[in-house]
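Dear colleague,

Please find below the structure that I am handing over to you. I would be grateful if you could look through it alongside the notes that come after it.

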Amino acid sequence: MTEKLYYTDGSMREFTAAVVSCTEEDGRIAVELDRTAFFPEGGGQAPDTGRIGNAEVSDVREKNGRILHYVNRPLVVGTKHDCVLDWEKRLRRMQNHTGEHIVSGLVHKKYGYNNVGFHMGHDFVTVDFDGDLAFEQLSEIEAEANAAVAARHPVRCFFPTSEELSSLDYRSKLDLIEDVRLVEIEGIDLCACCAPHLPDTSGVGIVKIIDSERRRRGGDGVRITMLCGLDAYEYLAAVQRNNDAVSNLLSAKRLETAQGLRRLLADAEEKKSRIAELSGALSAALAELQPEGEENLCLFENRLDPAAVRALVNALTLKCGGAAAVFSGDDEHGYSYIIGSAAKDLRKASKSINEALCGRGGGSPEMISGRVNASAESIKKYFKELKLLT
């Protein structure tokens, strides 16, 4: 059986091992070593990658007690090789995983909630808890987690005896009874876990809870998104770059971008109200200029907002005996339309109108809306000749 070096020393970057077997499995070359620091996929953590001699390791799996390293070239059984892990990848995963233990331990200790789901993805780490946590509570947990990081608590990984295990209060998603590996962060957490961890909490660097949402599956509770260490640093650096750009655009200090944005939104809302007011006035003026007694009225108007277009159509329906139509757009990109009638059933006519003008849309007997791909000239000609049945 392969000696699992990652169980005893998560900080091991290089080691020497002998090839026990080299076989082909599902079109891939699988190498088994007499000892390994390569962690196989498990416990929510992805497998390590690296090199065994001159062979690249792309995946590691544990199957039926055997640890198989999937490589890009065969290795001779019995030969010894220097093995090297992709250390930065391992370090980032240990930072995130150890940080997750800190957060889960604090949540369990403070609120009694259990970690019922953990996933370490390429971009973010997600943790599911079986209880609700408000923003203020998560902020407190984040502050306490970073205090725990600064306190440099030792992280101990060990296999207790059956007698010792029965007397320990530890977190576990499964009902384990033997060969249980526990990870202890002094004063913070005690949890069953198979993955490698940092030797103490200081290596986590920083814990950042990024987001939270209701769990979509599995009952009540919350899912948090978090990052630790180098991943958290890179995320926060990207946030700062984005905030710097916003700061420049708003001409606001970096810590006052929210205030600057509120001013911008208030100004935009004021302008929007003014535009709606002017648009409504223009709509009324345009309606006043149209003659009465026409069979159909067709206008092209790009200056009105949607509410003003609808108001214009309503006003025009009182001046004609057929359809009142307002089109917005251009020949190149097509036109949106609203058509109204006070005397005709437009829902019955909508199919023929859309077919004639290469459009689509619908609505009620009194008003329909949609888009057409036809020229202004053809639209005008169509409505000049259109006869609607009652």
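Predicted model: local features only at pLDDT ≥ 70, side-chain atom pairs only at ≥ 80, totals over all residues.

Residues are numbered from 1 along each chain as its sequence is written, and side-chain values use heavy atoms, with hydrogens and water left out.

Six strands close into an antiparallel barrel, in the order β2-β3-β7-β6-β5-β8. Strands are DSSP runs of E of at least two residues, and helices are runs of H or I of at least four, numbered from the N terminus; two strands pair if DSSP finds at least two bridges between them. I52 stands opposite A55 in β6.

Helices α2 (residues 87–111) and α3 (residues 135–150) pack at about 125 degrees, their axes 9 Å apart. Axes are lines fitted to C-alpha atoms, for helices over the stretch in contact, and angles run from 0 to 180 degrees between N-to-C directions. The residues in contact (heavy atoms within 4.5 Å) include I102 and L106 of α2 and I141 and A145 of α3.

Helices α5 (residues 229–250) and α6 (residues 257–289) pack at about 45 degrees, with axes 10 Å apart. Here N243, V246, S247 and L250 of α5 meet T257, G260, L261 and L264 of α6.

With kind regards
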